[in-house]
Amino acid sequence: MLSTLLQSQNESTNLPKSPLDREISSPDTPSSKPRSNKLRTRTHFSNSTFRPGHYFWLEIMNPREELIFRPVEIVRTVLYENIYPELVRAEFEKLKSMAGIAVAFLDNVKAIHAYLEKMIENSAICKYGLWRYESDFYQKISKRSKHIISFNDPSQPTQTVKDLQSAFERHDSNFRSCYNLALLQRMIGGEGSNDFNFPL
Amino acid sequence: MISISPYSILTKLFNSLATKNEFIEVVEILWLAIPTLYKVFSKDPDNAAFFASKGINCLNELKIIDEKITLLRIKLHLFLIGAAISAQANLKSLQQTINSESDLIESYQPEISDSKLLQLIKFEVLFSRVLLEKRSEEDLNSESNEGLTRILFMLTNHCEKVLKGITCEFETAKLNVWIWEIKLQLDLVSDLSFKQKLDESIITFQKYKTLKLEIRAHICLAKLYLK
């Protein structure tokens, strides 16, 4: 539905071509990535229905060789003004996904020694004693953590510090949104969220 | 009229409890991982403490009664201590942070029933206090034998005693490295017992992939051999 909507909007408004399309015809651009990789990514995006730009209820950005979808501010305001049970459920799923992504980041950071633990660390980097998790949920997300962040190029699972830093910056607003108190209160027993209404 | 069977009530109750557990498991991972990620990646050192405090505020507002949530609160207060140490805060503000956070941690401890967890929490607080003592010695530019002896006394008489009787290889390894570093400075190496202890520490650090601490242990071992 989204693609149809965007396609029709593209056709009707005659939007300018995406910067990615313009980028394709510049073979002399210096690059650190292999040419074959870059071409494959570019072809993928040039074939895509989605074009970066500001739409009625959505923003599509392409900071690098990827597309980021974000609802415009007014949509978020309207959505969170009236919190429906479906939204609460979706937000809970989002929290679970963000927990998975956070664990994946930490595992990657540790694997490449991007951050070295101090004598007094007291953070989620620690995996011992007081800081160890034993929950089923943690075991589940920890197992698949290696595959979560390497979305840029699945053939190259090894991340560099720079890769992790830029991936983290892309998720910054997602991490910030994990502290929405009104939504959290609805999750644990607010009105209209029966599936999540647990006795305390 | 809609009939409600006992089975449906039980199913609903089970689902609610399962969801509660799931919610707590998600939150306990997420709200410690997010401040940690900001500590690692953010250019602003205050961001990590900001998100830890935000997590504590949310937990206070949510008023969930569960031991795991209490433990998360304690971890977040310990995180604030760690963040203040990492941010190289000045001695006075570090002292204030450690004192106020330790008081809060102490107030939550009665809610924890697991004795091992309680001992580990106590260890972390004491360990921070030793570091505070060390920082005050450094700030006074003294690092005198008297000061180092006091730090060594705190490590061996307070921290080491807390860890006795519980299995906690990593905490013991950290403690051993610090003890032997100070013994080296004080020239208190009279036997070869350090070798075995530091070797064990190195193996533990390798197991947990803590490279910095492993290097620190190797340096300590090399210095002790050269004595």
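## Helices 7 and 9 of chain B

The crossing of helix 7 of chain B and helix 9 of chain B is left-handed, a term used where the near helix is turned anticlockwise from the far one by less than a right angle, with right-handed used if it is turned clockwise. Helices here are DSSP runs of H or I with at least four residues, and strands are runs of E with at least two, numbered from the N terminus. Helix 7 (residues 169-186) and helix 9 (residues 211-226) of chain B pack at an angle of about 35°, with axes 10 Å apart; the axes are lines fitted to C-alpha atoms, for helices over the stretch in contact, and the angles run from 0 to 180 degrees between N-to-C directions.

On helix 7 of chain B the contact is made by Lys174(B), Val177(B), Trp180(B), Glu181(B) and Leu184(B), and on helix 9 of chain B by Leu213(B), Arg216(B), Ala217(B), Cys220(B), Lys223(B) and Leu224(B), two residues being in contact if their C-beta atoms, placed from the backbone, lie within 7 Å. By class this contact has 7 nonpolar, no polar and 4 charged residues, where Ala, Val, Leu, Ile, Met, Phe, Trp, Tyr, Cys and Pro count as nonpolar, Asp, Glu, Lys and Arg as charged, and the others, Gly among them, as polar.

## Basis of the model

This is a predicted model, in which local features need pLDDT of at least 70 and side-chain atom pairs count only at pLDDT 80 or more, while totals for chains, interfaces and linings use all residues. Residues are numbered from 1 along each chain as its sequence is written, and chains are lettered from A and ligands numbered from 1 in the order in which they are written.

## Helices 3 and 4 of chain B

Helix 3 (residues 67-86) and helix 4 (residues 91-108) of chain B pack at an angle of about 170°, with their axes 9 Å apart. Helix 3 of chain B is therefore roughly antiparallel to helix 4 of chain B, the word being applied to angles over 145 degrees. The residues of this contact divide into 11 nonpolar, 3 polar and 2 charged.

Chain A has 9 helices and 3 strands, which follow the pattern α-α-α-β-β-β-α-α-α-α-α-α along the sequence. Of its 200 residues, 23% count as buried, that is, with 20 or more other C-beta atoms within 10 Å of their own, whereas 12 or fewer makes a residue exposed and a count in between makes it partly exposed, with C-beta atoms placed from the backbone.

In the contact between the chains, 45 residues of chain A meet 48 residues of chain B. Helix 5 of chain A gives the largest share of the chain A side, 10 residues, and that side divides into 31 nonpolar, 8 polar and 6 charged residues.

## The largest nonpolar core

The largest nonpolar core has 86 residues, a core being a set of buried Ala, Val, Leu, Ile, Met, Phe, Trp, Tyr and Cys residues joined through C-beta atoms within 7 Å. Helix 1 (residues 6-41) of chain B provides the largest share of this core, 14 residues. Ile34(B), among the residues with the most contacts inside the core, touches Ala102(A), Phe175(A), Cys178(A) and Phe51(B), not counting residues up to four places away in sequence.

## Positive phi values

Most residues other than glycine have a negative phi. His113(A), in the loop between helix 5 and helix 6 of chain A, has a positive phi near 55° and is partly exposed, with 13 other C-beta atoms within 10 Å. Asp187(B), in the loop between helix 7 and helix 8 (193-207) of chain B, has a positive phi of about 60° and is exposed, with 9 other C-beta atoms within 10 Å.

Note on methods. Parallel < 35°, antiparallel > 145°, perpendicular 65-115°, else oblique.
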